[in-house]
There are 2 protein chains.
Amino acid sequence: MPRLKAHYRVRCSERDIEAFAQSIALEQSVEVPLEVVREAHIRERIVGAVQSIEKIADGDYLLKVALAAETMDRGRGQPDVAQTFNMLFGNVSMHANVELVDVEFPESFAQRFGGPRFGLAGLRNITGASGRALTCAALKPQGLPVERLAEICKTFALNGVDVIKDDHGLADQDYSPFGGRVQACQRAVLEANRSTGGRSIYAPSLVGSASRLLEQARLLKNEGVGAALIAPSLVGLPLFHELVSDHLEVPVLAHPSFSGGGRIAQPLLMGRFFRMLGADAVIYPHYAGRFAYPEALCSAIARECLADWDGIKAAAPVPAGGMTVERVPELMRFYGRDVMLLIGGSLLRAKDAAELAERTKTFVRGVASAGAADSATLTV
Amino acid sequence: MPRLKAHYRVRCSERDIEAFAQSIALEQSVEVPLEVVREAHIRERIVGAVQSIEKIADGDYLLKVALAAETMDRGRGQPDVAQTFNMLFGNVSMHANVELVDVEFPESFAQRFGGPRFGLAGLRNITGASGRALTCAALKPQGLPVERLAEICKTFALNGVDVIKDDHGLADQDYSPFGGRVQACQRAVLEANRSTGGRSIYAPSLVGSASRLLEQARLLKNEGVGAALIAPSLVGLPLFHELVSDHLEVPVLAHPSFSGGGRIAQPLLMGRFFRMLGADAVIYPHYAGRFAYPEALCSAIARECLADWDGIKAAAPVPAGGMTVERVPELMRFYGRDVMLLIGGSLLRAKDAAELAERTKTFVRGVASAGAADSATLTV
């Protein structure tokens, strides 16, 4: 029977590691002591099995546990998203000394979730960004009325930004209600595209309970909006997947809000899992911005977005979090062409619309001209 | 304008703490540098405000930030669950040195989410457990067929367990599909109740995407099932709240799966937030079981479940995670009567149905007799 292999990094004494490893295998499968499991077929097929315990350093181990794929089924061999994470990291998430660092999926398991429907290549096709990196800018600060956000949106589109997204803090507040904002910003993008011949798309932020997210998805469809922004950890990974699979026909950018802190390694969560669940682009904090993400972590996330994965498209890595127009050359050297650069506040430092247009042009040109250079290697 | 006061525990040098505090206030509101915010009303009403920075120890600070309630609205003064957590802990969750440890809500803010519809008192009314603690047992291991789970369920009910819950690992697997399991276990409980005159209730585990959770909730209603088990962190906090508020008419037990690891203090997340969002009972690991939760943390979670909170009912604390029948007296001394004791695997160590009945009786009697003693004080 097919099994997933979960890799846990465990801090534990040498004396206790074997027993602790066995307890994790039980916890993430039958959740009872082994002697309670009297049925041979449950012991053989369902109970988690410790595959290996590698010592990394004193008190620091890499533990591999094989978990039965059928425990994650929702019937007829179809894996369920919620149940997959329940079995991979449900109860052991409460062990402060355990981190989920990697997962090996059996053949065609992850593929059943679908992955990105557009991915990096699809985003290039839609926006016409061939042979270069993509650009992304954000509408903020929240508190601005709809007309002001739509003006900024138009300036970004007129000056060639590929994807214009809402700040993830924009929800359905009275000062810029979702419906009015989406209509106005979508109209602004269409007008700009008509005048430039460009193909910018707008990605409103979807946030709320399931029923509100479905309403928001319907509104996007009715308005012909070209993309969406959703924070998977905030709305829940299973709901994110269902929205993307069944209710959105446009590319989806995953936002990392509420994703930190968990003891799932960030490249695995943001890169691999978000991509597996359908994110076409994955936003994450880049080195030396507002968040203390080391360079190696940023390239690890990007590599997870881009890695070959049979049947699953590459997602666009979107480094962000306080990037500046001035850093474009450095960022392009770091990431090469297979990236979408997101710059928000640094553009909005402009004192008026003319300066905003100038800064946006500088950003867009910087990315386009770097596109002619060699691709980076993400070796950090 | 009303504001929430978020308390963040921050590890930071003395030199940097003021600037870092200010950056958090911006991050969790407008997400741009302050100079980008040119509108006076946004600076005054929307931008987060650092209220105080208290030094706890060298490099360790308690930071209080006032966040505008209107940033969490979904229009017309109604707070949105997803947006509330987005603003409280969305992006700062990615700061490894920041933990959300407390929140002060403005008047009537948390109340709008509703809290438990039944709570501890409601669970007592439904099960007839007056003047004593409640008992809870779990159906496992997964892999057993429906008939075997139903037999165990019947034995628990015949011997007076108040709430019989599915193992949280039971989903919709082929070996015990959701629909058949719910029908069989509910029938088992009803038959047992008829023969004993008891009032046991069954709490199946609901797990899956939004559409499957709604189907499962409908099936519960059709079958007249008395309770439900849901893991809020696994399905997503906003969806948990919507399910409880709009789709379930019975008490809901919150399971902690996927809740660990986050940098939200566990009593705040499992106790206060789960309760605010409608959990009638909150399951969490107790001291010296399978999880290394210190005693003080366990009583802090219980206190959050039970604390006076204007307009919001108390939830039942449900300590669990490897509790044994032998520990009942100690657990009762620790928690007193305002608790639901959950024992799973320890009951199932019984070698046959007769011994299972005996162990269950011992558990139920142990809790009932302790009910006559004084209530504990949860002072740890």
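Between which two elements of chain A does A:Ser108 lie? The first legend below has the reply. This is a predicted model, in which local features need pLDDT of at least 70 and side-chain atom pairs count only at pLDDT 80 or more, while totals for chains, interfaces and linings use all residues; side-chain values use heavy atoms, with hydrogens and water left out. Residues are numbered from 1 along each chain as its sequence is written, and chains are lettered from A and ligands numbered from 1 in the order in which they are written.

**View 1. A serine with a positive phi in chain A.** A:Ser108 sits in the loop between β4 (98-104) and α4 (119-127) of chain A. Helices and strands here are DSSP runs (H or I, at least four residues, for helices; E, at least two, for strands), numbered from the N terminus. The phi of A:Ser108 is positive, about 65°, although this residue is not a glycine. For background, most residues other than glycine have a negative phi, and most peptide bonds are trans.

View 2. In chain A, look for the cis peptide bond that joins A:Lys140 and A:Pro141, with omega about 0°. A:Pro141 is found in the loop between β5 (134-139) and α5 (146-158) of chain A. Now turn to chain B, where a cis peptide bond joins B:Lys140 and B:Pro141, again with omega about 0°. B:Pro141 is placed in the loop between β5 and α5 of chain B.

View 3. Two strands pair if DSSP finds at least two bridges between them. Strand β6 (residues 163-166) of chain B is joined to β7(B) by three bridges, and the two run parallel.

**View 4. An open sheet in the order β8-β9-β10-β11 of chain B.** This sheet has four strands with parallel pairing. β8 (228-230) and β11 (316-320) of chain B stand at the edges with a single partner strand each, so one side of each is left without a neighbour in the sheet. Here the twist averages 25° from one strand to the next. Three bridges link β8(B) with strand β9 (residues 252-254) of chain B, and these run parallel. B:Ile230 has B:Ala254 as its bridge partner in β9(B).

**View 5. Where chain A meets chain B.** The contact (heavy atoms within 4.5 Å) takes 80 residues from chain A and 80 residues from chain B. Together the chains bury about 6500 Å², 53% of it on carbon and sulfur atoms; buried area is the accessible area (1.4 Å probe) that two parts lose on being put together, summed over both. A:Glu31, A:Met94 and A:Phe258 supply 10% of the area that chain A buries against chain B, more than any other three residues. Across this interface the rule finds 10 salt bridges, each a side-chain nitrogen of Lys or Arg within 4 Å of a carboxyl oxygen of Asp or Glu. B:Arg148 forms a salt bridge with A:Glu39, and their closest N and O atoms are 3.0 Å apart.

**View 6. A salt bridge inside chain A.** Over all chains, the structure holds 50 salt bridges. A:Asp166 and A:Arg181 form a salt bridge, with the closest N and O atoms 2.9 Å apart. A:Asp166 is in strand β6 (residues 163-166) of chain A and A:Arg181 is in helix α6 (residues 178-196) of chain A, 15 residues apart.

How values were computed. Axes fitted to C-alpha atoms, helices over the stretch in contact; angles between N-to-C directions.
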